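Take a look at it first, and then we'll go through some of its parts together.

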Amino acid sequence: MAEVRAEMVANVWKVVAAEGESVTDGDTLVILESMKMEIPVLAEDAGTITRLAVAEGDVVQEGDLIAVIE
Amino acid sequence: MFACVLVANRGEIARRVIRTARKMGIRAVAVYSEADADLPYVAEADEAVLIGPPAPVSSYLDIAAILAAAATTGAQAVHPGYGFLAENPDFAAAVLAAGLTWVGPSPDSMTQMGDKINARNLMEQAGVPVSPGTHEPVADLTTALAAAEQIGYPVMIKASAGGGGIGMTAAADPEQLAAGFETARTRAERFFGNPAILLERYVERARHVEVQILGLPDGRVLALGERDCSVQRRHQKVAEETPSPGVSPHLRARMLDAAVQAGEAVAYLGAGTVECLVDVTAQDFTFLEMNTRLQVEHPVTELVTGIDLVEQQFLIAAGEPISFNPADLASRGHAIELRVYAEDSKRFLPSPGLIEEWSEPVGPGIRVDSGYKAGNRVTPYYDPLLAKLCVHGADRAQALDRAAAAVAAFNISGLKTNLQFHAELLESAEFRSGDYDTSLVSRLRP
């Protein structure tokens, strides 16, 4: 199981992936926006997304859970 | 001269404009969002008005809220700084319609230059060199592919309404163009509300050099030297210097002449910047775009010329003579600006947070334009610029030494900054040699 967490305070601009989807290493899960910059959050492992913890428009803090891949 | 000016901006540039206003005896009004109440510029203004919640669209981009603040405070003029509404001709027109003085060029010049395709075409007609590119918006991929064949690869894909490097991508072949085109369109629509795309020849070994101009009420346009802005990450500037170490005296003279021509072509009034791309190998240049406002990196020009550009903006807007004689215009020594961003030094990822310690370097030739102090929170709503660390030296070598010492003496804790990157930049053989191009940062951070 791999947890994907936010690296910084940001707004969730786009949720690209969905729960139940299978992903490979490097796939974009969500796109965050902070300080006028888009920051794609990528899967670091292959597997199935069992949990997607954010929705578009959410504000995430550093360390907040974004997704779980199993 | 007007007695009171509203500064429609935030952070370091609001503070910098307020400083000159106060020096000239003009009352300065600040506007701020809920996120910025504790910033130094709010405290330093003669009066400050809360204009809305943190999101820019509800505060610094809210024309009605800003004009209401001007009305209640009795402001007679509006200075827009850079970014936000600074290049929005509708805002300038609304300021004028409210009976206020707009500290900037006419809404007409802004409209003509705001659209990059239109600006390119206009400059071509005025005899200013432009790079091969499209003359009208590229609507779809088929048109883009056909246009790129004509221009020749590699091409640069750009948002016509764009700025700040957002949505720009280079494409080396049709496959990369196909991949980049839709992304560029989506971003252009999202960030600038206009999906129009422009294709231009991409120059591999290029420097980004711009000329500061000043349009006077009598129709004359002055060129106040160039700034080299080739140190960029994600097509956004990180450090600037003047004079450019990559421009020969002959090329400089040609660029300054072209910039004057560009300004005259749109009857430009006030401070503006003509951005050019310099082909290092060919020692030739082409027009990129014109910024109809004060530029972030204007301090390096002020350091070598001794001229306060904001003061000239105020004088020109009020219809008064500028403070210096154009015949005495001279450049003295060398100046460097380092943009201190709230971002990590390795990957340049944003790092909002609480500033625990903040201590600026002081000393001969050092100027710091900052937007924050200890105890301030840097929020994710705005750009990551914390401060501009500027140094002036008798020559480039002295400026480099002073810059390195100033970076080491700048202490910011509580959040990540790119100060470490600047220390490495100043030590790098390529930057020190002066012989660098816009790919420098990607070579330092492969």
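## Two helices side by side

In chain B, Leu141, Ala144, Leu145 and Ala148 of α7(B) meet B:Pro174, B:Leu177, B:Ala178 and B:Phe181 of α8(B). Residues are in contact here if their C-beta atoms, placed from the backbone, lie within 7 Å. The residues of this contact split into eight nonpolar, no polar and no charged. For that sorting, Ala, Val, Leu, Ile, Met, Phe, Trp, Tyr, Cys and Pro count as nonpolar, Asp, Glu, Lys and Arg as charged, and the others, Gly among them, as polar.

This is a predicted model, where local features need pLDDT of at least 70 and side-chain atom pairs count only at pLDDT 80 or more, while totals for chains, interfaces and linings use all residues. Residues are numbered from 1 along each chain as its sequence is written, and chains are lettered from A and ligands numbered from 1 in the order in which they are written. Helices (H or I, at least four residues) and strands (E, at least two) are DSSP runs, numbered from the N terminus.

How do the two helices lie? Helix α7 (residues 141–151) of chain B packs against helix α8 (residues 174–192) of chain B at an angle of about 140°, with the axes 10 Å apart. Axes are lines fitted to C-alpha atoms, for helices over the stretch in contact, and angles run from 0 to 180 degrees between N-to-C directions. α7(B) and α8(B) are therefore oblique to each other; angles under 35 degrees count as roughly parallel, over 145 as roughly antiparallel, 65 to 115 as roughly perpendicular and the rest as oblique.

## Another helix pair

Helix α4 (residues 89–97) of chain B and helix α5 (residues 107–114) of chain B cross at roughly 175°, and their axes come within 9 Å. That makes α4(B) roughly antiparallel to α5(B). B:Pro89, B:Ala92 and B:Ala93 of α4(B) make the contact with B:Pro107, B:Met110, B:Thr111 and B:Gly114 of α5(B).

## A sheet in chain B

Chain B has an open sheet of five strands in the order β3-β2-β1-β4-β5, with parallel pairing. Strands pair if DSSP finds at least two bridges between them. At the edges sit β3 (47–52) and β5 (101–102) of chain B, each pairing on one side only. Two bridges join strand β4 (residues 77–79) of chain B to β5(B), and B:Val78 has B:Trp102 as its bridge partner.

Helix α3 (residues 63–73) of chain B lies across β1 (4–7), β2 (27–33), β3 and β4 of chain B, and runs at about 150° to β3(B).

## Over to chain A

In chain A, strand β4 (residues 28–34) runs antiparallel to strand β5 (residues 37–42), and six bridges join them. A:Val30 stands opposite A:Val41 in β5(A). The hairpin of β4(A) and β5(A) has two residues between the strands, and A:Met35 takes a positive phi near 50° there.

Where the chains touch, eight residues of chain B are in contact with ten residues of chain A. On chain B's side, these are six nonpolar, one polar and one charged.

Which peptide bonds are cis? One of them runs from B:Tyr153 to B:Pro154, with omega near -5°, and B:Pro154 is in the loop between α7 and β6 (155–159) of chain B. Another cis bond links B:Thr242 to B:Pro243, also with omega near -5°. B:Pro243 is in the loop between β11 (236–242) and α9 (249–265) of chain B.
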